[in-house]
Amino acid sequence: MTDPVDLPAHALARAIATRALSPVEAVEAHLARIARLDPTLRAFVEVYADDARLAAEGADRMIRAGHAVGPLHGVPVALKDLIDLEGRVTTGGSAHFRERRATETATIARRMLAQGMIVLGKTHTVEFAYGGWGTNQHMGTPLNPWDLATPRTPGGSSSGSGVAVAARMAPWAIGTDTGGSVRLPASFCGLTGLKVTVGRVSTAGIVPLSTTLDTPGPMARNVEDVALLYTILSGADPRDPNTRGITPEDPMPVLHRGVRGLRLARMPASEREGVSSEMLAAYDASLDQLARLGAEIVAVDLPFRFVDLVTASAIVTAECYFHNGALSEDRALPLDEDVRLRTLAGAGVSAQDYLRTRRMQQEMKAAYARAMDGIDAILTPTTETAAIPLEAVDQGVLPSRFTRFGNLLELCALALPNGFTADGLPLSLQIVCRGYDEATALRIGQAYQGATEWHLRAPSL
């Protein structure tokens with residue numbers, strides 16, 4: 001019999017629904033793998049083993065009685081440690097909040113629990129979710145499971161979620177993305193991750209970094225899993241005003257439609273500078289593959305350089321300081337010093353700086369929309385390189401060159417594996433679509449994964 005941890009989430013759900021596998025077996029298999037691997041990989045802040053077992057037993061009884069509440073009943077999931085569960089600790093990656101217990105449950109967690117999903121535990125994050133490499137000086141840095149000999153970046157800020165899914169300790173997990181924090185760990189850990197448009201998924205009950213740009217999203221092994229979880233997470237929420245007036249979207253009817261007839265833009269040639277040769281080779285091969293599948297690959301002139309929008313950080317910097325400035329000013333508190341410096345930079349953002357950036361944001365959105373007229377998506381590498389050694393990380397440099405523009409311009413984007421380095425490290429393709437067009441991003445990604453097998457590889461653990 002196939003080990004439950006080897007099944008992607010949609011296959012696990014199908015096995016449970018058809019009673020080929022019980023929720024108890026699924027949960028026990030994942031808990032056993034966590035017990036074996038997590039002391040080394042450090043993906044989890046806390047594992048809810050006893051509660052997960054009780055929930056699995058209850059799910060098993062309901063399913064056997066014919067009372068399944070949905071297609072995901074009994075399927076395990078891991079949550080980033082920004083997401084509130086009533087009565088449980090949410091640290092937000094900060095040792096200062098080791099005892100902070102949530103008084104209510106986040107909307108997205110409620111939606112998963114309403115489907116009968118079972119929370120395995122909370123996963124590590126960069127403190128305040130403010131960093132792209134995945135490091136955390138006090139709570140611990142998860143280790144990238146693709147290279148246990150050399151500790152490497154897991155990507156952040158959703159570092160623990162990326163490591164947990166890549167190491168098969170959870171079939172899927174939730175991350176959040178403000179500048180790339182779902183897509184960066186997806187890139188470094190060989191996963192598929194969806195950055196949704198602002199308002200698609202409620203942020204109510206999630207510790208904020210930037211209330212303007214924060215977007216929760218699913219991380220999984222393949223596009224089908226991501227699409228399935230996205231349908232559960234998305235939808236209007238009276239607790240989050242950003243979700244008001246957003247028309248619900250079901251990506252599943254078009255998921256397998258293919259890419260024939262779509263126009264996909266390659267990034268400008270000038271953007272290739274600074275990208276590793278292996279990442280560029282995988283990128284070029286991905287474009288060739290999509291062309292063979294029937295997409296038209298076109299050139300585009302963008303009204304900006306990607307790096308220009310990375311440095312346009314006044315929105316995140318100011319809003320992070322609003323939420324966490326008082327903590328960062330207190331030198332007696334045990335904060336990650338790299339995050340403290342980033343947060344304190346917000347004290348220097350004037351009202352003029354902030355509003356100037358917001359105006360630039362709107363101008364760039366309009367200019368980008370004009371440049372992309374008639375084009376369905378732009379394709380880029382997700383990161384410039386594969387995961388780098390932790391000892392080589394420069395905290396003054398951000399790995400979000402290709403991801404940040406999607407947040408600032410309120411687009412949606414999908415990151416997915418598209419190759420490996422000679423040393424066996426994952427490479428990643430990013431598919432960026434206009435805002436609220438997640439269905440197209442998922443459709444393109446599904447077509448690509450239907451013709452390739454990069455997403456099927458797993459680290460040897």
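Predicted model: local features only at pLDDT ≥ 70, side-chain atom pairs only at ≥ 80, totals over all residues.
Strand E2 (residues 76–80) is mostly covered. Five of its five residues are buried. Pro76, Ala78 and Lys80 point one way from the strand. Val77 and Leu79 point the other way. In a regular strand, side chains alternate between the two faces of the sheet. Both sets of E2 residues are buried, Lys80 included. E2 is joined to strand E3 (residues 118–123) by five bridges, and the two strands run parallel. Within this pairing, Val77 has Val119 of E3 as its bridge partner.

A second pairing in the sheet involves strand E5 (residues 192–195) and strand E10 (residues 412–420). Three bridges join them, and they run antiparallel. Here Gly193 stands opposite Ala415 of E10.

Helix H7 (residues 223–233) packs against helix H14 (residues 438–451). The angle is about 155 degrees and the axes are 9 Å apart. Angles over 145 degrees count as roughly antiparallel, and H7 and H14 are therefore roughly antiparallel to each other. Their crossing is left-handed. H7 contributes Val223, Glu224, Val226, Ala227 and Tyr230 to the contact. H14 contributes Glu438, Leu442, Gly445, Gln446 and Gln449. By class, this contact has five nonpolar, three polar and two charged residues.

H7 also packs against helix H4 (residues 107–114). The angle in this pair is about 110 degrees, with the axes 9 Å apart. Angles of 65 to 115 degrees count as roughly perpendicular, so H4 and H7 are roughly perpendicular to each other. On the H4 side, the contact is made by Ile108, Arg111 and Met112. On the H7 side, it is made by Leu229, Ile232 and Leu233. The class count for H4 with H7 is five nonpolar, no polar and one charged.

Some backbone features lie in loops. A cis peptide bond joins Gly156 and Ser157, with omega at about 5 degrees. Ser157 is placed in the loop between E3 and helix H5 (159–166). Arg168 is not a glycine, yet its phi is positive, at about 65 degrees. Arg168 sits in the loop between H5 and strand E4 (172–177). Its relative accessible area is 9%. Buried means under 20%, so Arg168 is buried. Glu410 is another residue other than glycine with a positive phi, here near 55 degrees. The loop that holds Glu410 runs between helix H13 (404–408) and E10.

Methods: Residues numbered from 1 in each chain as written. Heavy atoms only, no water. Axes fitted to C-alpha atoms, helices over the stretch in contact; angles between N-to-C directions. Helix = DSSP H or I, 4+ residues; strand = E, 2+ residues; numbered from the N terminus. Parallel < 35°, antiparallel > 145°, perpendicular 65-115°, else oblique. Left-handed = near helix turned anticlockwise from the far one by under 90°. Contact = heavy atoms within 4.5 Å. Nonpolar A, V, L, I, M, F, W, Y, C, P; charged D, E, K, R; others polar. Buried < 20%, exposed > 50% of the residue type's maximum accessible area, 1.4 Å probe, protein only. Pairing = 2+ DSSP bridges.
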